[in-house]
Amino acid sequence: MSLSSALSIAQSALLATSKQTSVVSRNVADASNPDYTRRIAVVTSTAPGARAVEIQRAANELLFRQNLSALSAWSGQSALYNGMDQLELSVNGVDNASSPSTALAKLQQSLQLYATTPSNQNLGTSVIDAAKQVVNSLNSGTKAIQDFRTQADSQIATAVDDLNSLLGQFQDANKAVISGTRSGTDVSDALDQRDALLKKISEYVPVSTFTRGDNDMVVTTKDGTTLFETVPRSVTFAPSAGYSAGTPGNTVYIDNVPVSAGTGDNATADGKLAGLLKLRDGVASTMQSQLDEIARGLITAFAETAPSQPNAAGLFTWSGAPAIPAAGTLVDGLAGSIGVNAAFDPSAGGNPALLRDGGANGAAYVVNTGNASYSDLLIGYGNKLDQPMAFDASAGIAVSSGVSDYAANAIGWFEGVRQQASTNADSKQALAARTAEALSNDTGVNVDQEMSLLLDLEHTYQASAHMMKTVSDMLDALMSAVG
């Protein structure tokens, strides 16, 4: 081997080692970046003694796709469960203190006390006060639910804007990948950026991907709707200024295809958009229907009856009075319009004794005249609260029960859904953590391993430098001998 060849080999080795060292140093510097994928400097021989360094990017497509799916499931489940926590507190209060069930239980107690001493009009007034608490819980519950739906609608609009922004950024990253691939330059940073954007996109909707020539990526939703192909597809949504009971929410569209909240029960959601849609149009709407059914049950249970007379609104009335709501049929928004009949309310000039005697709708409805100890009507009202009646199955509770039990079942229904959502959220979070850890172990940076490699490269560098010094000394000796 000539001295010039030896010198060329040593220089090539130094240059290759320098590039390898740069790659390893970059790995160490970005070890804590969850969106960074480990770079591998592969040395290849291009000529006798010459070396070239090719930078490769560690990747595991299967683990990455599993992580995307897990992130989507966790994001949707988290949005669903957190929304349920907020909904429970705003509608039922802490420990269900402001729930219709709690207020209804107090009404029954007041009614029973009044029935034991029907001559005591103070107890009659207490019944009216308790009835007002029931009405307040239904009215405020309705407002809280519709306010929550409006808030969820606003969050959907924000999520749609964020998703459109992410798709625009994804287009820029994808262009950088394609351009770099075609020119043969290192595209590792652009691929990292594109993968990081995919993770964020998957938090909103579950995604599926495939890669074409030049590393060009196509992104679709889980059900096949195109999100990105060369250019991002438009995600559109028209938010509503406010909601009332029974008003359906507007649809989210991806490339003019409706986004579904997903199949399954109200405790499962895949992607943030699906979670918010299920909260707005599923859980909250069902809760509203249950409140409406409780209100209908109360109006029916306390309706005044008389021979040869139609049933008329009694203690509780509503905007559709004097008619009594049809049996077994849901009336949207009834819980928001229910009120205490002014004929019974002393603060409105009414007489609580009408609850004992009847006659709020005229003389034909009077049951008791002059007997201050008469309690049959009061006892009958109390019994009706526990007597099974027909409820609309669309409200989510199919069990036949009295109004009191139905109100308790409504709490049970929500707690069951919320608990299942909590369990699902925990499992999805664990799955997301495990897939992220598996992906990191396979494609992430192990600092100990990189430092060990850096030490080996240092030894290689020293050997190459020593070789160059030796060749230099030999050249100096040769020149001295010639001279």
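Strands here are DSSP runs of E of at least two residues, helices are runs of H or I of at least four, and both are numbered from the N terminus. Before going on, please keep in mind that this is a predicted model, in which local features need pLDDT of at least 70 and side-chain atom pairs count only at pLDDT 80 or more, while totals for chains, interfaces and linings use all residues. Residues are numbered from 1 along each chain as its sequence is written, and side-chain values use heavy atoms, with hydrogens and water left out.

Back to the strands. β5 and strand β6 (residues 231-232) run antiparallel and are joined by two bridges; two strands count as paired if DSSP finds at least two bridges between them. Their hairpin has one residue between the strands, and T230 takes a positive phi near 70 degrees there. On to the neighbouring pair: strand β4 (residues 217-221) and strand β5 (residues 226-229) are also antiparallel, again over two bridges. Here T220 stands opposite T226 in β5. The hairpin of β4 and β5 has four residues between the strands, and G224 in its turn has a positive phi of about 100 degrees.

Put together, these strands belong to an open sheet of four, in the order β3-β4-β5-β6, with antiparallel pairing. β3 (207-211) and β6 are the edge strands, each pairing on one side only. As a reminder for viewing, side chains in a regular strand alternate between the two faces of the sheet.

Now let's move to helix α6 (residues 272-301), where we find E293. Is E293 buried or exposed? E293 is buried, because its relative accessible area is 0%; buried means under 20%, exposed over 50%, and partly exposed in between, with a 1.4 Å probe and protein chains only. The side chain of E293 has a polar contact of 2.8 Å with that of R296. A polar contact is a pair of N or O atoms within 3.5 Å; within protein, one must be able to donate a hydrogen and the other to accept it, and residues adjacent in sequence count only if both atoms are side-chain atoms. A polar atom of the E293 side chain also lies 2.6 Å from the backbone nitrogen of D392. Leaving aside residues up to four places away in sequence, E293 touches T329, L330, F391, D392, A395 and Y406, where contact means heavy atoms within 4.5 Å.

Charged pairs come next. Side chains of opposite charge can pair when their charged atoms come close. A search of the whole structure finds 23 salt bridges, each a side-chain nitrogen of Lys or Arg within 4 Å of a carboxyl oxygen of Asp or Glu. One of them joins the side chains of R418 and D85, at 2.8 Å from N to O. R418 lies in helix α10 (residues 403-443) and D85 in helix α2 (residues 61-92), so this pair ties together parts that are 333 residues apart in sequence. R418 is buried at 16% relative accessible area, whereas D85 is partly exposed at 28%.

Another salt bridge joins D281 and R149, with 3.6 Å from N to O. D281 sits in helix α6 and R149 in helix α4 (residues 121-183), 132 residues apart, and the pair links distant parts of the chain. D281 is partly exposed, at 36%, while R149 is buried, at 2%. D281 also forms a salt bridge with R280, the closest N and O atoms being 2.7 Å apart; R280 is buried, at 1%. Elsewhere, a network of salt bridges links R26, D30, R39, R57, D189, D192 and D195.

Finally, let's step back to the whole protein chain. Its secondary structure comes to 11 helices and 13 strands. The radius of gyration is 36 Å, well over the 23 Å that the globule rule gives for 483 residues, so the chain is more spread out than a compact globule. That radius is taken over C-alpha atoms, and the rule is 2.2 Å times the number of residues to the power 0.38. Along its principal axes, the C-alpha trace spans about 145 × 40 × 35 Å. Buried residues make up 46% of the 483 residues. Of the contacts with a separation of 6 or more, 66% come from residues 24 or more positions apart.
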